[in-house]
Each structure stands twice: as structure tokens, then as C-alpha cells.
Amino acid sequence: MLSRKWLAALALLALCAVAAGRELQAKKNTVTPYAANLYEAVTKAQLFTLKAAIDAAGLTVAFQNPNLGVTLFAPTEAAWQRFYRDCAKPPKKAADVAKYCSFDKLKAAKKSELQQFVQYMVLYGSATVQAGNDWWPIGRQFVKKPSLFDKNIMRLRYLAPYYEAHGTGRDSNVTIPNLGAGKSLMHIVDNVITYSPLG
Ligand SMILES: *[C@@H]1O[C@H](CO)[C@@H](O)[C@H](O)[C@H]1NC(C)=O
């Protein structure tokens, strides 16, 4: 059996390791200048589907504004495929509902609806991915932040080593953080973040 002293020493060691890991994370997660504006960032990252959705929603010019000062959670192409695929199976819960079900259907969707859909992927302000800041505090609690879609909220959580962004519908993990796009920020995420109910 380990003595109490030993256990205390081990606990201290574990704490130090956690702290060291955190420091590394904080250093790693600084903003990288990437593009002059969000639209350029989406193009450069080859996020074709998101780009098409932005265009079809009539938000191209808005996203080209270098002075926006918002944060876009940009789904990968794989994330869209996952989204479409989920149309085929009954959702486990209402929040998981998918929509559009193919690229063609997405592009053909009602403009006003697409606008809300895309605006929900955007938060006001610079949500820098960094452990322990206002957006992703240490300690697993959810932080609510308003999106551009009528201030409908997204909930952010740092669940080390993951940075999660939860919609009121579908949730995601940030896979590539902190791409600077003018005064805005883009994080690439592994799922299409949605609100619920998805009208
Ligand atoms: C983030 O990724 C981890 C590891 O795959 C997973 O356990 C967790 O559920 C994911 N979170 C979200 C919100 O997708």
C-alpha cells in the first residue's frame, strides 16, 4: 500500500503535469494570420460547401468585410457529409436533426432560411481558442455566447484537450483553431453546428 505521503506527492506531480500541459496549450493557441477576411479564409481553406452556402444565403459581401470582428465556426467537407448522412436515419434526439440532405438541396434552400443557418455558425467577438479565457474557461462549465442569428446562443466548453462548440441542435469540436481573417477569427469544426428546432 502506498503511504499517505506518497499519495500526496503523486497528486502534486499530476497537478504539475496538468499545469504544464495547459501552458503548452495556451502558447500553441495563439491567432495565426490567415486571410484578409472570412470569405477569403473559407476559400483558402477549401471549404467549398460552406462557401456555397454563404453565397446562396446572400452573405458574400458581409463575409468579405475585413472589419467584422466575429468568429466563424466553419464545418469541413466531411462534416457536411456527416450532416447529409444523418438525414437518412431517425435522430436520437430532436437536437440531432439534419437538413437539406445533399449539396444540391442545400443550394436550393430558401435564402432567408440559409441566412439564419449560416449566421448561427458565427459568434459576436473574437472567441480565441485558449484554455482559461472568457470563452473557454478551465473547469468544464458551459459558456453561453450569442450568435449572429437573432442572438440565439451557442454554448462553448473546454473539455481538455477538446474545445467544444454546442449548438442548441448539433454540436462540434474545434479541429483547427484561431485562423485570423481580418478582424475576425475562423475555427474549423468537425460537425455542422445547428440550432433547434431546425425550421
Ligand atoms: C469531441 O471529441 C471527443 C473525442 O472524440 C468526443 O468524446 C466528444 O464527444 C466530442 N465533442 C463534441 C461536442 O462533439
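How do the residues of the shell around the ligand divide into nonpolar, polar and charged? The shell around the ligand holds 1 nonpolar, 2 polar and 2 charged residues. In this division Ala, Val, Leu, Ile, Met, Phe, Trp, Tyr, Cys and Pro count as nonpolar, Asp, Glu, Lys and Arg as charged, and the others, Gly among them, as polar.

The model is predicted: local features need pLDDT of at least 70 and side-chain atom pairs count only at pLDDT 80 or more, whereas totals for chains, interfaces and linings use all residues. Residue numbers start from 1 along each chain as its sequence is written.

The chain has 7 helices and 8 strands. Helices (H or I, at least four residues) and strands (E, at least two) are DSSP runs, numbered from the N terminus. Of the 199 residues of the chain, 33% count as buried. A residue is buried if 20 or more other C-beta atoms lie within 10 Å of its own, exposed if 12 or fewer, and partly exposed in between, with C-beta atoms placed from the backbone. Among contacts between residues at least 6 apart in sequence, 64% join residues at least 24 apart. Two residues are in contact if their C-beta atoms, placed from the backbone, lie within 7 Å.

The ligand is surrounded by Tyr162, Glu164, Asp171, Ser172 and Asn173. Strands β6 (162–166) and β7 (171–181) are the elements that give two or more residues to this shell. The most comes from β7, with 3 residues. A residue is near a molecule or strand if its C-beta atom, placed from the backbone, lies within 6 Å of it.

Strand β7 is also joined to β8 (184–189), and the two run antiparallel with 5 bridges between them. Two strands pair if DSSP finds at least two bridges between them. Ile176 stands opposite Ile188 in β8. The hairpin of β7 and β8 has 2 residues between the strands, and Gly182 takes a positive phi near 60 degrees in this hairpin. On the other hand, β2 (70–75) pairs with β8 in the parallel sense over 5 bridges. Here Pro75 stands opposite Val189. In β8, 6 of the 6 residues are buried, so the strand is largely enclosed by the rest of the structure. Ser184, Met186 and Ile188 point one way from β8, while Leu185, His187 and Val189 point the other way.

Strand β4 (residues 143–146) pairs with β5 in the antiparallel sense over 4 bridges. Within this pair, Val143 stands opposite Leu156, and Lys144 stands opposite Arg155. The hairpin that β4 and β5 form has 6 residues between the strands, and Asp150 in the turn has a positive phi of about 50 degrees. Strand β5 also pairs with β6 in the antiparallel sense, over 5 bridges. The bridge partner of Leu156 in β6 is Ala165. A hairpin through 2 residues joins β5 to β6.

Helix α5 (residues 77–85) has Ala79, Trp80 and Phe83 among its residues, and these three are buried. Seen down the axis of α5, the buried residues fall within an arc of 100 degrees, so they line one face of the helix. The arc is that of the directions from the helix axis to the C-beta atoms. The face turned away from the buried side carries the exposed residues Ala78 and Arg85. The cover over the buried residues of α5 includes α3 (48–56), β2 and β8.

The largest nonpolar core has 47 residues, and those with the most contacts inside it are Leu38, Ile54 and Ala74. A nonpolar core is a set of buried Ala, Val, Leu, Ile, Met, Phe, Trp, Tyr and Cys residues joined through C-beta atoms within 7 Å. Not counting residues up to four places away in sequence, Ala74 touches Val42, Ala45, Leu47, Leu50, Met186, His187, Ile188 and Val189.

Asp55 lies in helix α3. This residue counts as partly exposed because it has 15 C-beta neighbours inside 10 Å. Asp55 and Leu114 are 59 residues apart in sequence and 9.7 Å apart in space, C-alpha to C-alpha.
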